[in-house]
Amino acid sequence: MSTSTEHVDDVPRDDEVPTGDPAVSRETEPRLEWAQDGLPAGVDAHRAALVAAVPDADEETPLAAQLAIDARRRIDLQGRRFPKPERTRVITVANQKGGVGKTTTTVNLAAGLAQSGLKVLVIDNDPQGNASTALGIEHRAGTPSIYEVLVDGDPLDSVVQECPDVPGLYGVPATIDLSGAEIELVSLVSRETRLRRALDVYLDQRAARGEEPIDYVFVDCPPSLGLLTVNAFVVGREVLIPIQCEYYALEGLSQLLKTIDLIKAHLNRELRVSTILLTMYDGRTNLAQQVAAEVRQHFPGETLRTTVPRSVRISEAPSHAQTVITYDPSSTGALAYLEAAREIAEAATQRTGTGR
Ligand SMILES: Nc1ncnc2c1ncn2[C@@H]1O[C@H](COP(=O)(O)OP(=O)(O)OP(=O)(O)O)[C@@H](O)[C@H]1O
Ligand SMILES: [Mg+2]
């Protein structure tokens with residue numbers, strides 16, 4: 001197993017370093033007090049020693065400060081195996097606001113967890129098909145997809161594809177056909193629970209075939225609260241809400257929370273908001289800091305300590321049919337998503353599993 005010790009002197013190539021106040025990086029500083037999982041004894045001590053050996057940059061040089069933070073994170077994260085949850089965790093990534101980072105968060109967390117030794121399935125439940133693009137899976141019109149599962153009742157097993165770049169990462173594509181599903185579903189029986197049934201059958205089939213269980217299922221939602229999102233809330237046991245650190249960030253959140261409460265009351269008692277991730281965070285601006293502080297005040301237990309910075313690499317990755325985790329693994333954005341994935345994985349060991 002690689003401990004990535006070879007990277008200790010490696011200066012990251014990155015065009016994403018902040019040019020303003022070095023305090024911006026504090027939101028996402030590495031957390032070295034965390035317990036080690038799945039590595040031989042001594043490896044973590046070795047990592048800690050290497051991390052300690054990275055020289056501190058002075059506050060006057062934000063570029064050097066960011067490089068030092070990234071170097072420490074790389075040493076701490078690369079090659080690390082994340083703990084398996086007791087049961088499959090099914091996480092729905094939702095926010096009816098458009099463009100807040102739902103898809104980016106879904107695919108990058110999924111890739112981060114899979115790269116760290118877990119089995120992960122992403123269900124693209126958005127007719128835009130953006131998650132399918134980033135995962136590099138086929139989703140041209142006519143490709144067997146989530147549409148056939150939801151509308152025709154096809155088994156999920158018949159539409160799952162293996163992602164080409166990350167072993168252990170699987171995807172269910174969405175094609176343009178899905179844009180009609182919102183209306184077609186209205187007249188179908190059990191229209192709210194179709195995805196849940198399909199996933200339950202798929203997970204049972206895997207178990208019956210003696211295949212390794214899926215550790216994480218992520219469901220990417222469209223920016224609306226229609227039947228596709230309702231299906232995603234019924235299949236999910238947890239909701240992850242990405243919040244973009246911009247003005248209006250919290251507007252509409254109460255409607256989302258009300259919808260989740262309704263689903264919980266009528267269709268899925270297990271559902272809860274487990275995770276909030278602050279995305280496109282630019283700590284140089286007072287606004288981002290204020291939004292982050294407000295979100296943390298409202299959701300102290302749910303908001304991840306890691307924030308995802310604005311990053312050119314993150315936005316470039318999908319055009320190469322990749323996640324940033326494989327496109328530029330040493331970039332600030334990839335390291336942030338890997339660290340967020342670790343927080344999520346380690347939270348599972350601290351509370352009762354929520355899946356099946
Ligand atoms: N951290 C980031 N840094 C820079 N660009 C980002 C970041 N996160 C997301 N983006 C870009 O912002 C845009 C919106 O992100 P994304 O598609 O993930 O949002 P979404 O919530 O899924 O959108 P939609 O509501 O349309 O489904 C995309 O172009 C994406 O590449
Ligand atoms: Mg999206």
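**View 1. The shell of residues around ligand 1.** In this predicted model, ligand 1 is surrounded by 19 residues, and the closest of them are G98, K102, T103, T104 and P223. Two helices, α3 (102-115) and α11 (312-316), each contribute at least two residues to this shell, and the largest share, three residues, belongs to α3. Sorted by class, the shell around ligand 1 holds 11 polar, five nonpolar and three charged residues.

**View 2. The packing of helices α7 and α8.** Two packed helices are described by the angle between their axes and by the distance between those axes. Helix α7 (residues 194-208) packs against helix α8 (residues 227-235) at an angle of about 45 degrees, and their axes lie 7 Å apart. The two helices α7 and α8 are therefore oblique to each other, and their crossing is right-handed. On the α7 side the contact is made by R194, L195, R196 and L199, while α8 supplies N231, A232, V234 and V235. By class, this contact of α7 with α8 comprises five nonpolar, two charged and one polar residue.

**View 3. The open sheet and its edge strand β3.** Strands of a sheet pair through backbone hydrogen bonds, and they do so either parallel or antiparallel. Here seven strands form an open sheet with mixed pairing, in the order β3-β4-β2-β5-β1-β6-β7. Strands β3 (161-162) and β7 (272-279) stand at the edges with a single partner strand each, so one side of each is left without a neighbour in the sheet. Strand β3 runs antiparallel to β4 (residues 169-172), to which two bridges join it, and E162 stands opposite Y170 in β4.

Notes
Residues are numbered from 1 along each chain as its sequence is written. Chains are lettered from A and ligands numbered from 1 in the order in which they are written. This is a predicted model: local features need pLDDT of at least 70, side-chain atom pairs count only at pLDDT 80 or more; totals for chains, interfaces and linings use all residues. A residue is near a molecule or strand if its C-beta atom, placed from the backbone, lies within 6 Å of it. Helices (H or I, at least four residues) and strands (E, at least two) are DSSP runs, numbered from the N terminus. Ala, Val, Leu, Ile, Met, Phe, Trp, Tyr, Cys and Pro count as nonpolar, Asp, Glu, Lys and Arg as charged, and the others, Gly among them, as polar. Axes are lines fitted to C-alpha atoms, for helices over the stretch in contact, and angles run from 0 to 180 degrees between N-to-C directions. Angles under 35 degrees count as roughly parallel, over 145 as roughly antiparallel, 65 to 115 as roughly perpendicular and the rest as oblique. A crossing is left-handed if the near helix is turned anticlockwise from the far one by less than a right angle, and right-handed if clockwise. Two residues are in contact if their C-beta atoms, placed from the backbone, lie within 7 Å. Two strands pair if DSSP finds at least two bridges between them.
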